[in-house]
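Dear colleague,

Please find the structure below for your records. My notes on two of its elements follow.

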Amino acid sequence: MHGGGVRPVKSASRTVDLLEFLGRRIADPPRLAEICTELDAPRSSTYALLRTLIDAEWVQATSTDRYMLGIRALTVGTAYIDADPYVRIVRPILVDLAKEHGETFHMGRFDNAEIVYLLTQQSDRSTRTYSRVGRRLPAAATGLGKAVLAHRPEDIPEELVALTERTITSPTQLRKVLTETATRGYAIDNEENTPGLHCVAFSLPYESPVRDAISCSVPSTRWSAEREAEIAAAMRTAVNRILDSAPIA
């Protein structure tokens, strides 16, 4: 029983599970058989669910009989971001940072040991043309995630996923890094989720427990101790601007 004695609706739960599975498989859209296995559901009912979601534009089928999220997922996800009061405050501040410092800035939110990217503000000189908005990465492998985990070490996963050869995979080592992060006041990502990219990240402690953070991505070609200090000083000022405007939860 859930929610004060209300039974969960099995079809609704299965629909959510399906959409989340497709969201995790954006780089490799699954076939019907894989979806049936994931949902532990019969082929006939799974296919009927897929057809219903295709008609509603929540799912689309490829020419090779694979399934992926449809345009409705984008519109609802965008509505979530646009309605978030913290995103509305952070967005113009990231625009200012990107213009002033010529780097790419992000906002992310902690969710089930992962970071979900809510904003990406690219600089004019960015060589990376994609946005990370809506993408998930293991929190422990990102500057954003480590900035948040420094406030909530009890949420460190037992198993840490390696995204690059520099990703921290030892919980003991990660706890040491989080202690250093708390002392320093911000997190560092040294090519731990993307080769050739470093990050400086600050938590946004307007909620308890903390779940949001902002970061700056800097290519290795521009990374140095001096650049780190310069970006960190600017971001610390930006965090104060955000906290002055944000509702405290």
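Strand 7 (residues 197-204) and strand 8 are paired antiparallel through eight bridges. Within this pairing, Ala201 lies opposite Ser215 of strand 8. Please bear in mind that the model is a predicted one.

Strand 8 also pairs with strand 3 (residues 104-111): these two strands run antiparallel and are joined by six bridges. Here Arg109 is the residue that stands opposite Asp212 of strand 8.

As to burial, strand 8 spans residues 212-219, and eight of its eight residues are buried. Both of its faces are covered. One side presents Asp212, Ile214, Cys216 and Val218, while the other presents Ala213, Ser215, Ser217 and Pro219.

Which residues of helix 1 are buried? They are Thr15, Leu18, Leu19, Phe21 and Leu22. Viewed down the helix axis, the buried residues fall within an arc of 160° and therefore line one face of helix 1. In general, an α-helix has 3.6 residues a turn, so residues three or four places apart point the same way. The face of helix 1 turned away from the buried side carries Lys10 and Arg24, which are exposed.

The cover over the buried residues of helix 1 includes helix 2 (32-39) and helix 3 (43-55), together with strand 1 (59-61) and strand 2 (67-69).

Yours sincerely

Terms used
Residues are numbered from 1 along each chain as its sequence is written. This is a predicted model: local features need pLDDT of at least 70, side-chain atom pairs count only at pLDDT 80 or more; totals for chains, interfaces and linings use all residues. Side-chain values use heavy atoms; hydrogens and water are left out. Buried means under 20% relative accessible area, exposed over 50%, partly exposed in between (1.4 Å probe, protein chains only). Helices (H or I, at least four residues) and strands (E, at least two) are DSSP runs, numbered from the N terminus. Two strands pair if DSSP finds at least two bridges between them. The arc is that of the directions from the helix axis to the C-beta atoms. Contact means heavy atoms within 4.5 Å.
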